[in-house]
Amino acid sequence: PVPADTLYDRIVAELNRDSEENPGAGLFRARKKIEMFLALYPNDPRREKIAQYDEDLKLSRLQRDFERLVNQMADTSGLQPVERAYVEALNLSRSQPEQAVEKFQAIIDLFGYDSKPSQIRLEEGKGGGKSLREQLRTGSRNDLCVELARRRLETIRSNLKLSLQDQKDLLKKRLDNAAELESTDPEKAKAIRQAVIELYRGRPWAEDFVEAAREQLREETE
């Protein structure tokens, strides 16, 4: 067998070759080496770290499968309920991330067992408990999908936080522009306010801006 040190160095080298354009590719290149290390060296002190790579690989492979289904608009009727729900949420995240947040959270609430990502209770009646890491090693599709939903939810929320702040800054600027145009070009000011209402009504984070636009339109007619 390949010595443990040599095999470990080869795995790390593959992972270090990842780039921003293709993150995670090293996991797929190192797949066989990872499986070999876990099989040959169960007592090696680095096994826990390699096992984590194996778990990440399972999640990455499943994520790629789901993305392929979305890209190809494939039939999902043969999937398990949790898988079908994840594909639907993933598809929604591309065009309506705010609504996708609710979908991913619903997947976690319905199919997950605990709100903490590091701990999942066993099915009722079996007793005890085991960590997420142990759950993932069993290859449970349900648990894998729930963990993917958690990770995707965290990513979307992080991205939304930055994106929403940019949009809020833009809406404030546009309403300020409308106020400045009030005396010189009231029709333009009115059009800006109506556009804010049309484009952002129904979005909780933009409620203050939409209400401000409505209030300003009411003042125009009084």
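The protein chain has 10 helices and 2 strands, where helices (H or I, at least four residues) and strands (E, at least two) are DSSP runs numbered from the N terminus. Along the sequence the pattern is α-α-α-α-α-α-β-β-α-α-α-α.

This is a predicted model, in which local features need pLDDT of at least 70 and side-chain atom pairs count only at pLDDT 80 or more, while totals for chains, interfaces and linings use all residues. Residues are numbered from 1 along each chain as its sequence is written, and side-chain values use heavy atoms, with hydrogens and water left out.

Some totals next. Of the 222 residues in the protein chain, 35% are buried, meaning under 20% relative accessible area with a 1.4 Å probe, protein chains only. The accessible surface of the chain (Shrake-Rupley, 1.4 Å probe) is about 13800 Å², and carbon and sulfur atoms hold 48% of that. Taking contacts (heavy atoms within 4.5 Å) with a separation of 6 or more, 55% are between residues 24 or more positions apart.

Now the cores. A nonpolar core here is a set of buried Ala, Val, Leu, Ile, Met, Phe, Trp, Tyr and Cys residues joined through side-chain atoms within 4.5 Å. The largest has 36 residues, and Phe66, Tyr86, Phe104, Ile107 and Leu171 have the most contacts inside it. Helices H4, H5, H6, H8, H9 and H10 each give two or more residues to this core. The most come from H8, with 11 residues. A second, separate core has 15 residues, among them Ala4, Leu7, Ala30 and Leu57.

On to one helix pair. The axes of H4 and H5 come within 10 Å and cross at roughly 65°; axes are lines fitted to C-alpha atoms, for helices over the stretch in contact, and angles run from 0 to 180 degrees between N-to-C directions. On the H4 side the contact is made by Gln63, Phe66, Glu67, Leu69 and Val70, and on the H5 side by Glu83, Tyr86, Val87, Leu90 and Asn91. Phe66 touches Glu83, Tyr86, Val87 and Leu90, and its partners also include Cys145 and Leu148, leaving aside residues up to four places away in sequence.

Last, a single residue. Is Tyr8 buried or exposed? Tyr8 counts as buried because its relative accessibility is 13%. Tyr8 lies in helix H1, residues 4-16. Not counting residues up to four places away in sequence, Tyr8 touches Phe37, Arg46, Lys49 and Ile50.

Definitions and conventions
Buried means under 20% relative accessible area, exposed over 50%, partly exposed in between (1.4 Å probe, protein chains only).
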